[in-house]
Amino acid sequence: MHKTTWVELNSKALRHNAAIVRRLAPNAAILAMVKANGYGHGAEWVADQLHDLVNGFAVARLSEALSLRFAQANTRILLLGTELNADVMIECAVNKLDLVIHDINTAKLLATTKLPQPITVWLKMNTGMNRLGMSASEFTEAHRLLIAHHNINAIHHMSHFSDAETEDYTNTNRQHQQLTSLSKSLGSVPISMANSAAIIVHPKTHLDWVRPGIMLYGDDPSSTLAATNALQAVMTFKAKVLAVREVNLGDGVGYNRRWQANGKAIIATIAAGYADGYPRQAPDGTPLLINGERAVIAGRVSMDLLTADVSHLPSVKPGDIATLWGENLPAVEVGQHCNTISYELFTRITARVHREYLKE
Ligand SMILES: Cc1ncc(COP(=O)(O)O)c(C=O)c1O
């Protein structure tokens, strides 16, 4: 197929990263985060690659859960905190979806809704993130209401870390202590807290279920960690060079002529822009690779095109291939230049970008 702009998705790297999660958390079940279309990688593809290595998947929207259920008839799927009414609860029960219950009113509604079959719920405690989750007293009330209820198969307890990737462990320790001590006081229930950062840095938080997201896709959220070099990029974003031109002292490049030549220079124009998901805010100096060699963005990123200074690479020609992030150029490094994170880069790849699934 003729293509100018594409992502390559590497199954081997994905499975390698999942194996690292397994190695780091040998005694925990793994709930792989595939929300936001598998962090932009394709939820169904990710689930297909990982179903034998993990114990379930989590998504953030009912539509994501239903599509995944269609693709994976038997795998465990958790619908994370969302708006829940009785109809949604019934739909979840019909489709055998686990549900996060993050507020007491929803717990009460669940207790009075007639479900076609019982479901498994994950009660979420607010331990300091202050987005979703119940206070200690609401959490206790929800647990007592649902623990032996005929609508419920099993209860899990969960919370979410706000800054497990930072070097200051105080808050992470406090959050961990808050959930585990309350949970233990309520009985013996599976507990889940650890996201990627906690899986890598805080083994005591692994508990019964770990919930890796970004590390499955190759990024270590704490660049200080030992796993940094062990994880492999799953998505490599590539585009063709469309044109190469020489510019002279004082010539500008792109909108508003943001980049200006301070002597003779060579500019490559590449078939990727913000409409493909490349960040418009990328400043001059943001790295990319052309034919595997480093170059930098020169000039404002436009809708369909971006421009790079390739003065030091005189052999670059139209048809050559640029790597915008991925293998040999971590998305996290591009994100640092663009004042964002790999999570955002991955999830913003747009529908017109061709997807190429690399086999083992
Ligand atoms: C509830 C929950 N658990 C786990 C994760 C995974 O986090 P990470 O991608 O940092 O591993 C997320 C992601 O935001 C989340 O919302």
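Predicted model: local features only at pLDDT ≥ 70, side-chain atom pairs only at ≥ 80, totals over all residues.

1. Local features are reported where pLDDT is at least 70, and side-chain atom pairs count only at pLDDT 80 or more.

2. Overall picture. The chain has 360 residues, of which 53% count as buried. Its secondary structure consists of 11 helices and 18 strands. Taken along the principal axes, the C-alpha atoms fill a box of roughly 75 × 45 × 40 Å.

3. Ligand shell. Which residues surround the ligand? They are M33, K35, Y39, H160, N195, S196, R211, P212, G213, I214 and Y343. By residue class, this shell divides into five nonpolar, four polar and two charged. The space that the ligand takes is the largest pocket.

4. A polar side-chain atom of K35 lies 2.8 Å from a ligand oxygen. In the case of I214, a polar backbone atom is 2.8 Å from an oxygen atom of the ligand. For Y343, an N or O atom in the side chain is 2.6 Å from a ligand oxygen. On its own the ligand has 400 Å² of accessible area, and the protein covers 90% of this.

5. Helix α3. This helix spans residues 43–50 and is mostly covered, with six of its eight residues buried. The buried residues are A43, W45, V46, A47, Q49 and L50. As a reminder when viewing the helix, an α-helix has 3.6 residues a turn, so residues three or four places apart point the same way.

6. Two asparagines with positive phi. N291 is not a glycine, yet has a positive phi of about 50 degrees. It sits in the loop that joins β14 (287–290) to β15 (293–297). Its relative accessible area is 44%, so N291 is classed as partly exposed. N328 is likewise not a glycine and has a positive phi, here of about 70 degrees. The loop that holds N328 runs between β17 (321–325) and α10 (331–337). Is N328 buried or exposed? N328 counts as exposed because its relative accessibility is 63%, and the cut-off for exposed is over 50%.

7. R61. This arginine lies in the loop between β3 (56–59) and α4 (62–71). R61 counts as exposed because its relative accessibility is 51%, while the class begins over 50%. Its C-alpha atom is 28 Å from that of W325, a residue 264 positions away in sequence.

8. V21. Helix α1 (residues 11–24) contains V21. With a relative accessible area of 0%, V21 is buried.

9. I101. This isoleucine belongs to strand β5 (residues 97–101). Its relative accessibility is 0%, and therefore I101 counts as buried. From I101 to T170 the C-alpha distance is 27 Å, and the sequence separation is 69 residues.

10. S342. Helix α11 (residues 342–347) includes S342. Why is S342 classed as buried? The reason is a relative accessible area of 1%, given that buried means under 20%. S342 and P287 are 55 residues apart along the chain, and their C-alpha atoms are separated by 14 Å.

11. Points to check in the viewer. For the ligand site, begin with the side chains of K35 and Y343 and the backbone of I214. For backbone geometry, look at the positive phi values of N291 and N328.

Conventions
Residues numbered from 1 in each chain as written. Heavy atoms only, no water. Helix = DSSP H or I, 4+ residues; strand = E, 2+ residues; numbered from the N terminus. Buried < 20%, exposed > 50% of the residue type's maximum accessible area, 1.4 Å probe, protein only. Near = heavy atom within 4 Å. Polar contact = N/O pair within 3.5 Å; in protein donor to acceptor, adjacent residues only side chain to side chain. Areas by Shrake-Rupley, 256 points an atom, 1.4 Å probe, with all protein chains shown as cover. 1 Å grid on protein atoms, 1.4 Å probe; cavity = no way out; pocket = protein on both sides within 12 Å on 5 of 7 lines; lining within 4 Å. Sits in = over half its atoms within 2 Å of the grid points. Nonpolar A, V, L, I, M, F, W, Y, C, P; charged D, E, K, R; others polar.
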